[in-house]
Amino acid sequence: MGMTMTQKILAAHAGLPSVEAGQLIEADLDLVLANDITGPVAIHEVEKLNKKTVFDKNKVALVPDHFAPNKDIKSAEHCKCVREYAKEHGITNYFEVGQMGIEHALLPEKGLIVAGETCIGADSHTCTYGALGAFSTGVGSTDMGCGMITGQAWFKVPSAIKFVLTGKPAKWVSGKDVILHIIGMIGVDGALYKSMEFTGDGVANLSMDDRFSIANMAIEAGAKNGIFPVDEKTIAYMEAHSTKKYTVYEADEDAVYDAEYTIDLSKLEPTVAFPHLPENTKTVREAGGIPIDQVVIGSCTNGRMEDLRTAAAVLEGRKIADGIRTIVIPATQDIYMQAIEEGLVQTFIRAGAIVSTPTCGPCLGGYMGILAAGERAVSTTNRNFVGRMGHVDSEVYLASPAVAAASAVTGKISQPSELGL
Amino acid sequence: MKACGTVHKYGDNVDTDVIIPARYLNSSDPAELAKSCMEDIDPDFVKRVKKGDIMVANKNFGCGSSREHAPIAIKASGISCVIAETFARIFYRNAINIGLPIIECPEAAKEIEAGDTVEIDFDSGMIYDRTKGTQYKGQAFPPFMQKIIRSEGLINYINENK
């Protein structure tokens, strides 16, 4: 029986000629990740292990990004715990404030993960690296800690759902709209325990930043991982960012899928997920006009260069509506610097937005833009659960950078076409 | 191994942000996390919950973030087992890894109601609703996971096997 792309990567890392869905395996890991929230729990757990040293100091990444720069004393203690562990164990990929960025934008940018590799991270959005044709999945702190020490993790080999993407998305339609559309279609548990494998000639029409956004939100459909085939764009990205050797895996032609969906990208419209689940999607056309209080443009889903360029293209020469707080968060220092060099930061500030240093901050209701009772935000982040960005009676509407920027200008949920764009 | 207690019942897609809101993640102390467990969907939970009680929910329990703080908070609040129609995959792994027993059983998740007294036999996977007089067969763990559970979590399992 043929294997899916994910199954092939897992088989190779388990030293097996083939694997099948449901099989329990132990796989070698190429990268193990934690942040300032999950890291301290992992560090505390691994202190109980007999083996004390990490399996490979070059294959562990520790990124204080959630409540960093330290938002309060307790967060400062957590960041300190991670920093000291990294120092003690000589971990090369520890990123201090100043080098740090939002982990899932930072690690690919630093070239720490490439096609054909395996990665676990104590953060659910670790699935982002599937955009590069790697197997990567989120785990908890104990799994991460044990992976960091042993270099291995156990997996139940997932079955897969195939998403055949065709056509080219319209202007102002991005990877975010693609993944919101898919989650709206299959639901927040539509891919539970499974891989989401993206394929089809439409993939070529998606930029790497689009693919990162799509793979990033595979977890919002319950998936174990989301994965893209490796093409010219992937190779160009990896060659620009990494010196690591990559391996290209392709699904077998006779691979078995639990379900197959074909999505014509040219038919998609700017899409928004209503509170309080990412599956509550509507097109902006159906749902526009809801008044808002805040806009957040950033996060591991949409804080990349192309996201900022899109938002700036909408905000250029325009003013943010009275009373709307607009927070732009470049995901990494390199992205921040590039945004300055391209004049995007000036565009944001002239429009009336603020620009923050990289942090996960408001996405998970940490800091840098918490909502009060009754307030609404349009956000390019990935979750709109009850209380996610602040008060339990606040609301988060998930959307693309284009929709978020247009909404900032009008003060209600809008798309760029409403601004004559 | 058995558990017996009063049921706290929830619906679909109970996410880790409501199990333990991120604003409390600047702590990793189980007892402190337990004080805020379920706060955003059930503010009285921590006042009502007694040691040994059982949580029952519908589909996709524990969806969202990978925070291990979620099963840690539930366990530290006194809950002895979570029964659900399905669990989100990261929560499922985390619960096993930290030693919070969980059982997938769609029928039990559907029929058991808040306030019922429920008993669970982990060896047989049987769930008994003592209030209703009904019984259900939960999904047993595969042998690989039973080994981790017998070792009382992944840390001990690795110490014993690697």
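Strands here are DSSP runs of E of at least two residues, helices are runs of H or I of at least four residues, and both are numbered from the N terminus; two strands pair if DSSP finds at least two bridges between them. Within β7(B), Tyr136(B) is the bridge partner of Ile127(B). Both strands belong to an open sheet of 7 strands in chain B, with mixed pairing and the order β4-β3-β2-β1-β5-β6-β7. The edges are taken by β4 (102–104) and β7 (134–137) of chain B; each has a single partner strand, so one side of each lacks a neighbour in the sheet. On average, neighbouring strands of this sheet are turned by 25° against each other, direction ignored, with axes fitted as lines to C-alpha atoms.

Residues are numbered from 1 along each chain as its sequence is written, and chains are lettered from A and ligands numbered from 1 in the order in which they are written. As the model is predicted, local features need pLDDT of at least 70 and side-chain atom pairs count only at pLDDT 80 or more, whereas totals for chains, interfaces and linings use all residues.

Chain A contains 14 helices and 18 strands. Its radius of gyration, taken over C-alpha atoms, is 20 Å, close to the 22 Å that the globule rule (2.2 Å times the number of residues to the power 0.38) gives for 421 residues, so chain A is as compact as a globular protein of that length. Of these 421 residues, 61% are buried, that is, have 20 or more other C-beta atoms within 10 Å of their own, with C-beta atoms placed from the backbone.

A parallel pair is found in chain A, where strand β5 (residues 118–121) and β6(A) share 4 bridges. Gly138(A) in β6(A) is the bridge partner of Gly121(A). From strand β6 (residues 135–138) of chain A, Phe135(A) and Thr137(A) point one way and Ser136(A) and Gly138(A) the other, and all are buried.

The contact between the chains takes 43 residues from chain A and 36 residues from chain B, residues being in contact if their C-beta atoms, placed from the backbone, lie within 7 Å. On the side of chain A that touches chain B, α2 (38–46), α3 (73–88) and α5 (141–150) of chain A are the elements that give two or more residues.

Notes
A residue is buried if 20 or more other C-beta atoms lie within 10 Å of its own, exposed if 12 or fewer, and partly exposed in between; C-beta atoms are placed from the backbone. Two residues are in contact if their C-beta atoms, placed from the backbone, lie within 7 Å. Axes are lines fitted to C-alpha atoms, for helices over the stretch in contact, and angles run from 0 to 180 degrees between N-to-C directions.
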